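Here is a short note to read beside the model. Keep the 3D view open and find each residue as it comes up.

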There are 2 protein chains.
Amino acid sequence: MTSIGERVPRKEDPRLLRGLGRFGDDQDRPGQLWLRVVRSPVAHGRLVSISRPNGAQVVTAEDLPPGLRIPVRLKVQDIDLSDHLQPVLAAEEVRYVGEPVAVVLADDPYEAEDLAELVQVEIDELPVTVDTAAGVRAAEFELGYGDVEAAFGKADHVVQIEFDVGRHSAVPLEPRALLADVDPSTGALQIFGMTKVPVFNRDVLATMIGIDENLVHVHAMDAGGGFGVRGEFYPEDFLVPWLAWKLRRPVKWVEDRAEHLVAVNHSRQQQHVIAAAFDNEGTLLGLKDDVLHDNGAYARTHGIIVPELTLAMLPGPYRVPAFHGRIRVMLTNKTPCGTYRAPGRFEGTAVREQLLDVAADRIGIDRVELRRKNLLTADELPHTRAMSTLGTDVVLDSGDYLGLLDKAMVEADRLGYLSQLESLKAQGRKVGLGVAMFLEKSGLGPQETADVTIGTSGDVRVYSGGTSLGQGIETILAQVTADALTVDPAVVTVINGDTVLQPFGGGSWASRSTVVGGSAVHRAALAVRERAIRMASRMLEVSEEDLEVSAGTIGVKGAPGSSVSYADVAKACRPGSPYLQPDEPAGLSARRRFEVEHMTYPYGVHVTLVDVDTGTGRVKVLRYLVAYEVGRAINPTLVEGQLLGGVAQGVGGALLEEFRYDEAGQPQAVTFMDYLMPTAAELPQIDILVAQDAPAPGNPLGVKGAGEGGLTAAGGAIAGAIRDALGLTGPVGRLPMTAERVRGLDKEGK
Amino acid sequence: MTSIGERVPRKEDPRLLRGLGRFGDDQDRPGQLWLRVVRSPVAHGRLVSISRPNGAQVVTAEDLPPGLRIPVRLKVQDIDLSDHLQPVLAAEEVRYVGEPVAVVLADDPYEAEDLAELVQVEIDELPVTVDTAAGVRAAEFELGYGDVEAAFGKADHVVQIEFDVGRHSAVPLEPRALLADVDPSTGALQIFGMTKVPVFNRDVLATMIGIDENLVHVHAMDAGGGFGVRGEFYPEDFLVPWLAWKLRRPVKWVEDRAEHLVAVNHSRQQQHVIAAAFDNEGTLLGLKDDVLHDNGAYARTHGIIVPELTLAMLPGPYRVPAFHGRIRVMLTNKTPCGTYRAPGRFEGTAVREQLLDVAADRIGIDRVELRRKNLLTADELPHTRAMSTLGTDVVLDSGDYLGLLDKAMVEADRLGYLSQLESLKAQGRKVGLGVAMFLEKSGLGPQETADVTIGTSGDVRVYSGGTSLGQGIETILAQVTADALTVDPAVVTVINGDTVLQPFGGGSWASRSTVVGGSAVHRAALAVRERAIRMASRMLEVSEEDLEVSAGTIGVKGAPGSSVSYADVAKACRPGSPYLQPDEPAGLSARRRFEVEHMTYPYGVHVTLVDVDTGTGRVKVLRYLVAYEVGRAINPTLVEGQLLGGVAQGVGGALLEEFRYDEAGQPQAVTFMDYLMPTAAELPQIDILVAQDAPAPGNPLGVKGAGEGGLTAAGGAIAGAIRDALGLTGPVGRLPMTAERVRGLDKEGK
């Protein structure tokens, strides 16, 4: 019996679909204080004074331990960002609209909000920078390998384009929410709601407050989406727990939508000047990219990892003999930035794939053929690039890029994409096909830890370091566990992101949970199975070699009547049991760690058919296919779900979503009237092809992460399709391709 | 540096003295339902109907899973009590006043109480039995060894007395309280307030509800005293969590005082006919006792362990060549019984010591001399008696009984007890001296488990299976830990009785926490220390033999500058650390189990001087000395505290406290107007002599339990003193010696 590969219904759904999910805002404590953040109304200025309305409990930077800044979680090389870190509350200067300058506490949320509005923040305004190029250079670095100048020197064709990616980010259904309270029974500071990297956040918080990390218990809750932004350590993640600890009262905070749109990490905003060198046959000789990265007002927890990922992943699945990338990270008076699903890859893939489209036209070669010619072949893998990202060397581990591209094109044809393109063209419609290939990364280490324990009823519990953000990780880990133990996934319960139950968790991000978390669970479950066999051999008085495990029963081979269940074994593992040796741990449990040095690199193809209304500028996505290699799909339905959701966000980023600012640094998209999210109306039925042709060699399950690939090439594919529809010779030039810009492009094209 | 033996201030006190303790009733959850128990108003009858007032949410036996009865926690031999177990709610018959017949749920406690009063319980009354001898015999058993009949046959003196011990019990400051809620982040049923044997109760509850024990999280809270009654599994301990689980809403229940006095376990009520055989020199040849034990209406979790302990401990510290005890456990229409601090020993010691006093007079030998003559000598230990109790063989492990008796008498004389006696006698006052010797038991196994973990700040956390009932166990375990690690107890935090943090705990009862829990903590702390040395040897690149631990630092011998702190080592134990080997567990932690087969037997002497007012019958305790052997006092102040509190309860049981019933089975003591507790006015300054002359050989700390010895001989000593004051030739005959009974005795004596 194996449950890996089965379309097991999601274990999360009975809870979530019946309204029994428990989100951050569902938690309350009697006597809790409500916190409201007072935010800067101006983009840049010197803080002069903050008034304290009569009777209001107002906390400003003066009330905090001095010098508190939120540290970087993901370091890039040895680049020091300490001068650019965000303070918990602005002390002297404000640098973006929405920056926290004070908090107000009250007994109910309405009173807190009203009082916050009465707080007068006096600010001497300073000059505002919104233009990326005019910002402060916080960091600059280069990545690459090979002799790029030589490559360009000998090239028959050099193609260069400029391409801007617009500022947008994750907008999960549920804004952030936190409840912090001192646990009466353990004296620990309990925090409900940090759902992403709870152990890391625990450590940051403990250090900032100055208490031991074991005094901080973070309990991840259900979360209405994460996508990279939720669960990073923000100013509120210090303020709420610190006030609960200091005041010895529960403190609750719930972000509203307008706050969310200016407070959580923005992402994506980059300006690329990218060039490729080809010979006459279209063989890629070299690639270079010069990037301006707009990081907003501060370096937050992600530091400059998005710029690093942009460059490190830019060569993608292609054979790029020489590569050079330079990136300048600029600070502007806008919301600080971080990662958003497929960080750096969405941007880089859009730019690179648009470049290839333009180049194909210039060289006079079919754009799919150009890609086929330059993709690394299966024989060339593993392929090492002399670069590193996220602290790991870039080693593309396994794959058949060409095979997947072919599969995708065959599938698109089979599904009628090409005939539909032709027939719509024949009707005079401005339709276009986009094809984009991409490389993803997944399974970041260095480790994940899991505990598996079986109770005396036979129920299995898994304490994992992942967090449940809606992606279905509970189901995946239950399947992995069930497979190792030969039990039904129904008897497996997965508890995620609780720092008490799993103090060594790495969290859910970077498409790592199934790969690294799943492998840790796999190891722990196998260890429990081995332990069960060892105990059963004592209970049944036979040697371990004579035992076999099947359908949750440990039995003597060839003697069907002679067996024990896991429940029996769990009882025999109780302290005081005669089967337990003196210093043998009690309980049918195991904790195991899975360590990895390298990431595993999935990859995919997006094919899309769009219809451009040149009158209104509206781009309608008619068809969308994602072909994606996952090594091994633990649950194909969930892989498909990940890819489907990714496409929706990709369409948003490619066509609709943008955080714009006016010249004074005032954000122009602070409601859903201005920040346009794709709805079901904007999306076609999406076709998914999940390939399992190239198992990952670096983990026992052979899996590659599937969290981001629905998004990665959406910008590239849609930009390509628009370019195709409009018959442009140059590049589309920027994303999102809003209706206004499409109208502009069309005029240009003419 | 050792902190063992130091009078370290209690770690509990900063919390408890400043009102920051968190008791069962201090916990609330938004939206919680309040539960109120509807109790039988009559002592015996057939349940006909229970009305459901309009709009009230009423739960009766019909609503429960069928056949639920609360199991026995402590079995005696193979005696089957299943026919006598208490149902969660009475279904057909009620058997005592106060028996739960229904519960009412409401949004606030006042509404719940009002609605409960509106519930009409129709009962056909049945005949009521309050007289023990007329009850139903639930069990009968014998214990003993040697040829008692032969001993009595050859005796020069046979002395027999009758002695009744009155029904009373523990009345902690804080009645019981429970809050149950389904934890949103783990899906587990959380229970706050079961403070005694949380792991056992977790298992019982899980079995009764039909869920895995890992789905039940019991968090012990602060408790305003336990004394044996709090924290056993009562009907409410099923009802509150089960309703929270079923309704998916928090449910809270707080017992009021009137409920407490009829609902928690009563104890002590026994009628003894005891006889001893002596030769002419006063040498004890044999002892026999025939006991009627009143167990109230049902067998609860303690089953018939109090009767067993009564007999097994009856020979006490004396050389008793032959012993026979028989006990009949009788069910009556009164509150069911269980253990109360020093169960069986308070009763047996009172009876035996009174017998020795009477015998001394009959034989014509000084009563202290009679005891000296018959005490086992140090050379005779260990001494095995062919009996078992609590599943262990009775092996008196170590001691110098005679030495302690002599010490106590010298101390009493030094403190002026004898001269005061003489001078008051000379003033014509009816004063008397009581001297009683006793044997205690402690350190019951089979095991205790502890986790010790050191965080990256160097803070030490201990997760123990004990529970904090006010006895100071946090302080004791912190001292044990600090001693093993050579750190200050101030950096050690002890978390007790949390079934998640310590799933293998045995709980705090039977004077076992310091002995068994302390030894487990000692082992775990030593394991952490060894681990730290192992890690430090890698960090400092020296062999383990070259390292020494001192003041929390692991350093190279003879090289003061070369060292690492525990905090450094904890950092080096993080997953991903280069010092960690691939399959080596992360974290600077250890879990260890301490297993024991036999108990360790402390012992003591009580000496008291009382003044009897024969006009009013009032007995005033003028002086009270407890001499007690603990093997090794981890914290002498806490040992003294245990003994002081015990004396107060002993005085209550000897003189004041009694649950009386009228012929209809109506309890006559349901408020503190009728159930008389000793106050400071009833107690003299108490003198304590803590001896550390006989370390326990069976545990690494050498400790013996000190939880009960302040109480054990109080009945015996006070009865002896009253008898002395009144110049009785016969026995005092019963406890408590209320004023009314003293007046009656005095008349008899005349």
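This is a predicted model: local features need pLDDT of at least 70, side-chain atom pairs count only at pLDDT 80 or more; totals for chains, interfaces and linings use all residues.

The points below go from the whole chain to the chain contact, and then to single residues.

1. **Overall build of chain A.** Chain A holds 18 helices and 29 strands. Its C-alpha trace spans about 85 × 75 × 50 Å along the principal axes.

2. How much of chain A is buried? Buried residues make up 65% of its 750 residues. The accessible surface of chain A is about 25000 Å², and carbon and sulfur atoms account for 49% of that.

3. **Contacts along the chain.** Take the contacts in chain A between residues at least 6 apart in sequence. Of these, 81% join residues at least 24 apart.

4. **Charges.** Chain A carries 74 positive and 101 negative side chains. The centres of the two sets lie 2 Å apart.

5. **The contact between the chains.** Chain A gives 48 residues to the contact, and chain B gives 48 residues. The area buried between them is about 3700 Å², with 53% from carbon and sulfur atoms. Which three residues of chain B supply more of its buried area than any other three? They are B:P184, B:R461 and B:R593, with 16% of the area that chain B buries against chain A.

6. **A buried loop residue, A:G466.** Look in the loop between β20 (460–464) and α12 (473–485) of chain A for A:G466. Is A:G466 buried or exposed? Its relative accessibility is 4%, so A:G466 counts as buried. Leaving aside residues up to four places away in sequence, A:G466 touches several others, among them A:E448, A:N496 and A:S513. A:M535 is 69 residues away in sequence, and its C-alpha is 30 Å from that of A:G466.

7. **A buried strand residue, A:V621.** A:V621 is in strand β27 (residues 619–629) of chain A. It is buried because its relative accessible area is 2%, under the 20% cut-off. Beyond residues up to four places away in sequence, the residues that A:V621 touches include A:T608, A:V651, A:P684 and A:I718. A:V621 and A:V431 are 190 residues apart along the chain, yet their C-alpha atoms are separated by 9.6 Å.

8. **Two cis bonds in chain B.** Most peptide bonds are trans. The bond from B:G445 to B:P446 is cis, with omega near 5 degrees. B:P446 sits in the loop between β18 (430–439) and β19 (447–454) of chain B. A cis bond also joins B:L735 and B:P736, with omega about -5 degrees. B:P736 sits in the loop between β29 (734–735) and α18 (739–749) of chain B.

9. **Two positive phi values in chain A.** Most residues other than glycine have a negative phi. A:F227 has a phi near 60 degrees. It lies in the loop between β11 (216–219) and α5 (235–247) of chain A. At 29% relative accessibility, A:F227 is partly exposed. A:A510 has a phi near 60 degrees too. Its loop runs between β21 (492–496) and α13 (513–540) of chain A. A:A510 is buried, with a relative accessible area of 13%.

How values were computed:
Residues are numbered from 1 along each chain as its sequence is written. Chains are lettered from A and ligands numbered from 1 in the order in which they are written. Side-chain values use heavy atoms; hydrogens and water are left out. Helices (H or I, at least four residues) and strands (E, at least two) are DSSP runs, numbered from the N terminus. Buried means under 20% relative accessible area, exposed over 50%, partly exposed in between (1.4 Å probe, protein chains only). Contact means heavy atoms within 4.5 Å. Accessible areas come from the Shrake-Rupley method with a 1.4 Å probe; for residues, only the protein chains shown count as cover. Lys and Arg count as positive and Asp and Glu as negative; His and the chain ends are not counted. The place of a charge is taken as NZ of Lys, CZ of Arg, CG of Asp or CD of Glu. Buried area is the accessible area (1.4 Å probe) that two parts lose on being put together, summed over both.
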